[in-house]
Amino acid sequence: KNLLRKTLRDLRTSLAQTIALVVIVVLGITSFITLISAYRDLGTSYNHTYDQLRFEDADFTINAASPSVANKVAAIDGVSAVTPRLIVESGMELPPGADPGVGSRIRSRLIGIPPDHHPEVNDVLVMKGDYLPAQGGPVTLLESNFAEAYNLGPGSTVTPIINGKPVNLAVSGTAVSPEYLIVSPSKQELMPSEKTFAVQFGPLAERKQRTGAGGTVDDSAGTF
């Protein structure tokens, strides 16, 4: 009883400090619960996007292979779908009105995909505008984070550097890709930025022609 009375007397004496301590503890617990909930919601959203857009289970870099290699891979027992692609690393001129602080040019990754149908693996979700035209041509589908960073959209023009030459490409639309929910050139990039890395999806045949790849592909994404 004496200990209880002393405790109550101490609480009355330092009432303000006690209330402040209780508030801090409650805020800490609330913040922790909020962060955990946000993390779980984000994980659920990511997994849903991966499922809807058929994110790859494996990706293989190959050296100038015939697109028929995809058929051979698809015939392997356990493989459910394969998409052959052409991926080219290049530079790109800054869009008009861009902040010159990022440099005179930025990095760009040109990905050739089928224009007449959506890829079976690593599909893209068009957010604005249209998917690639079936007839191909000098068009591109911009990754949405980069497009928003520079206020680009359908009807805009971007200028990647292909084989050392600037090429004007009309933007048919902007899209989300399961590969680039976090916009980074590689896992080794510790500080990725959507302002310095542009992912562009274009007609496979047109990309082959402009890059001099002939009839070959250099990447194959698959699901099991």
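Contact, as used here, means heavy atoms within 4.5 Å. The structure is a predicted model, in which local features need pLDDT of at least 70 and side-chain atom pairs count only at pLDDT 80 or more, while totals for chains, interfaces and linings use all residues. Residues are numbered from 1 along each chain as its sequence is written, and side-chain values use heavy atoms, with hydrogens and water left out.

Leu142 is in contact with Ala147, Leu152, Val158, Val171, Gly173, Thr174, Ala175, Val199 and Gln200, when residues up to four places away in sequence are not counted. Leu142 also belongs to the largest nonpolar core, which has 14 residues. A nonpolar core is a set of buried Ala, Val, Leu, Ile, Met, Phe, Trp, Tyr and Cys residues joined through side-chain atoms within 4.5 Å. Buried denotes under 20% relative accessible area, exposed over 50%, and partly exposed the range in between (1.4 Å probe, protein chains only). Within the largest core, Met92, Leu142, Phe146, Leu152 and Val158 touch the most other members. Two or more residues of this core come from each of strand 3 (105-113), helix 4 (144-149) and strand 9 (169-176). Helices (H or I, at least four residues) and strands (E, at least two) are DSSP runs, numbered from the N terminus. Another core, of 13 residues, lies apart from the largest one, and Ile113, Val139, Phe197 and Val199 are among its members.

The open space of the model was examined next. Rolling a probe the size of a water molecule over the atoms shows where empty space is left. A pocket is an open set of points, on a 1 Å grid over the protein atoms alone, where a 1.4 Å probe fits, with protein on both sides within 12 Å along at least five of seven lines; lining residues have an atom within 4 Å of a point. The largest pocket has a volume of about 590 Å³, a volume being the space filled by probe spheres set on the points, with grid points joined across faces, edges and corners. Its lining consists of 20 residues, and Glu56, Arg109, Glu179, Tyr180 and Pro185 lie nearest the centre of the pocket. At least two lining residues are supplied by each of strand 1 (58-65), strand 2 (81-93) and strand 11 (217-223). Strand 2 gives the most, with three residues. By type, the lining divides into seven nonpolar, three polar and ten charged residues. In this division Ala, Val, Leu, Ile, Met, Phe, Trp, Tyr, Cys and Pro count as nonpolar, Asp, Glu, Lys and Arg as charged, and the others, Gly among them, as polar.

Asp59 lies in strand 1 and counts as partly exposed because its relative accessibility is 32%. Beyond residues up to four places away in sequence, Asp59 touches Arg85, Asp219, Ser220 and Ala221. The side chains of Asp59 and Arg85 are joined by a polar contact of 3.3 Å. A polar contact is a pair of N or O atoms within 3.5 Å; within protein, one must be able to donate a hydrogen and the other to accept it, and residues adjacent in sequence count only if both atoms are side-chain atoms.

In helix 5 (204-211), the buried residues are Leu204, Glu206, Arg207, Lys208 and Thr211. Thr211 counts as buried because its relative accessible area is 17%. The side chain of Thr211 reaches the backbone oxygen of Lys208 at 3.4 Å. Leaving aside neighbours within four places in sequence, Thr211 is in contact with Leu86, Val88, Ile162 and Asn163. Gly212 follows helix 5 and has a positive phi, near 75 degrees. Thr216 is placed in the loop between helix 5 and strand 11. With the neighbours within four places set aside, Thr216 is in contact with Ala64, Ala65, Leu86 and Lys208. Thr216 and Ala64 are 152 residues apart in sequence, and their C-alpha atoms are 5.1 Å apart in space.

Positive phi values were also found in residues other than glycine. Arg54, in the loop between helix 2 (15-52) and strand 1, has a phi near 55 degrees, and Arg54 is partly exposed at 36% relative accessibility. Asn122 has a positive phi of about 55 degrees and lies in the loop between strand 3 and strand 4 (125-129). Asn122 is buried, at 3% relative accessibility.
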